[in-house]
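Here is a short report on one protein chain. Keep the sequence and the 3D view side by side as you read.

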Amino acid sequence: MKNLYSNRRGFLTLLGTGIGSFLFGLPKISLTKTRKEEKMAYTAKDYSRLLGMQGFSETLLKNHFTLYQGYVTNTNKLMETLGQMLKEGKTGTPEFAELKRRFGWEFNGMRLHEYYFENLGGKGALEKTGRLSKKLAEDFGGYENWEKELKGVGTMRGIGWGVLYQDSSNGKLINFWINEHDVGHPAGCNPILILDVFEHAFMIDYGLKRADYIEAFFKNIDWKTAEGRVK
Ligand SMILES: [Fe+2]
C-alpha cells in the first residue's frame with residue numbers, strides 16, 4: 001500500500017492529518033450494500049495474458065498488476081466512503097473535499113492502467129493502410145514522425161504518461177505528456193495509445209534506461225486495440 005502512494009505529493013502529509021484515515025477504515029460503512037452500490041463497484045481486470053511478453057519480466061509485470069489492483073480497490077473504497085458522506089450530510093467538510101480531490105487520482109490510476117495493459121500484448125506492426133496509419137500520416141506527416149515525437153514525450157524527465165489522444169471535436173491526433181493521473185488530461189479527447197513512464201513500469205527491468213523500455217513497449221503494442229479506439 002505504501003508504494004501506491006509514494007508518487008503522490010502531499011499524501012503522507014494528508015495521512016498525518018488523519019484525513020487519510022477516512023480512506024483506510026474510520027467511516028462506519030455498512031457491510032450490507034444495496035444493489036445500486038454493488039453495480040458501481042469496479043473489478044480489477046486480469047492481464048495475465050501479458051506474462052511472457054518479450055522485454056517485460058514476470059516480476060515487473062506482476063508488480064505492475066498489483067499496483068493497478070490497488071487503484072481499483074481504492075477507487076471502490078473512495079466511492080463507498082464519499083457515498084456514505086453524502087448520506088450523512090458531510091459534503092461541506094474538508095474531509096469530503098480532500099477525498100473528492102483524491103478520487104480523480106485513484107480513478108484515473110485505475111483507468112489509465114487498463115488502457116495501457118490493453119494496448120499491449122500485440123505482435124504485429126501497424127497496418128499501413130488502416131485508419132490509424134492514415135490519421136497519423138495526416139496529423140504528423142507519417143508514422144515515423146509520430147513515433148519519434150511520442151518517444152520524445154516518453155523520455156522527458158519526470159514521471160507520468162505519454163498519451164496519443166484524439167480530439168473528438170475535429171478528430172485530430174495529438175501526443176500529450178500527462179504528469180500525474182488526475183492532472184492535465186485534455187478535455188474532450190479520447191486516449192488512443194497509452195505509455196506508462198512511471199518508474200515502476202520499467203526500473204525493475206531497465207534501471208535508468210527508459211529509452212530501452214520504450215523500445216520494448218513499441219515492439220509489443222496491440223495495434224488492433226489502439227486502432228479500434230480511433231473514431
Ligand atoms: Fe503504472
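## Buried, exposed or in between

A residue counts as buried if 20 or more other C-beta atoms lie within 10 Å of its own, as exposed if 12 or fewer do, and as partly exposed in between. Take Ala 41 as a test case. Ala 41 has 13 other C-beta atoms within 10 Å, so Ala 41 is partly exposed. This residue is found in the loop between helix H3 (35-40) and helix H4 (58-87). Ala 41 and Asn 76 are 35 residues apart along the chain, yet their C-alpha atoms are separated by 5.5 Å.

Glu 118 gives a second case. Glu 118 lies in helix H5, which covers residues 94-118. With 17 other C-beta atoms within 10 Å, Glu 118 is also partly exposed. Glu 118 and Ala 226 are 108 residues apart in sequence. From C-alpha to C-alpha, Glu 118 and Ala 226 are 8.6 Å apart in space.

## The whole chain

The model is a predicted one. Its chain has 231 residues, and 25% of them count as buried. The secondary structure comes to ten helices and three strands.

The three strands form an open sheet in the order S2-S1-S3, and the pairing is antiparallel. Which strands stand at the edges? They are S2 and strand S3 (189-196). Each has a single partner strand, so one side of each is left without a neighbour in the sheet. Neighbouring strands of this sheet are turned by 25 degrees against each other on average, direction ignored. Strands of a sheet pair through backbone hydrogen bonds, either parallel or antiparallel.

Start with S1 and S2. Strand S1 covers residues 161-167 and strand S2 covers residues 173-178. Six bridges pair the two strands in the antiparallel sense. Gly 162 stands opposite Trp 177 in S2. Gln 166 stands opposite Leu 173 in S2. The hairpin of S1 and S2 has five residues between the strands. In this hairpin, Gly 171 takes a positive phi near 80 degrees.

Next come S1 and S3. These strands run antiparallel and are joined by seven bridges. Asp 167 stands opposite Cys 189 in S3. The bridge partner of Gln 166 in S3 is Asn 190. Is S1 enclosed or open? Six of its seven residues are buried, so S1 is largely enclosed by the rest of the structure.

## Helix H6 and its buried face

Helix H6 covers residues 131-140. Which of its residues are buried? They are Leu 132, Lys 135 and Leu 136. Seen down the axis of H6, the buried residues fall within an arc of 100 degrees, so they line one face of the helix.

What do the buried residues of H6 pack against? They pack against helix H7 (143-154), S2 and helix H10 (223-228). H6 is followed by Gly 141, whose phi is positive, near 80 degrees.

## Where H6 meets H7

The axes of H6 and H7 come within 8 Å and cross at roughly 75 degrees. Angles of 65 to 115 degrees count as roughly perpendicular. H6 and H7 are therefore roughly perpendicular to each other.

Which residues meet in this contact? From H6 come Ser 133, Leu 136, Ala 137 and Phe 140. From H7 come Tyr 143, Asn 145, Trp 146 and Glu 149. The residues of the contact divide into five nonpolar, two polar and one charged. Leu 136 belongs to this contact, and Leu 136 is also one of the buried residues of H6.

Note on methods
Residues are numbered from 1 along each chain as its sequence is written. This is a predicted model: local features need pLDDT of at least 70, side-chain atom pairs count only at pLDDT 80 or more; totals for chains, interfaces and linings use all residues. Two strands pair if DSSP finds at least two bridges between them. Helices (H or I, at least four residues) and strands (E, at least two) are DSSP runs, numbered from the N terminus. Axes are lines fitted to C-alpha atoms, for helices over the stretch in contact, and angles run from 0 to 180 degrees between N-to-C directions. The arc is that of the directions from the helix axis to the C-beta atoms. Two residues are in contact if their C-beta atoms, placed from the backbone, lie within 7 Å. Angles under 35 degrees count as roughly parallel, over 145 as roughly antiparallel, 65 to 115 as roughly perpendicular and the rest as oblique. Ala, Val, Leu, Ile, Met, Phe, Trp, Tyr, Cys and Pro count as nonpolar, Asp, Glu, Lys and Arg as charged, and the others, Gly among them, as polar.
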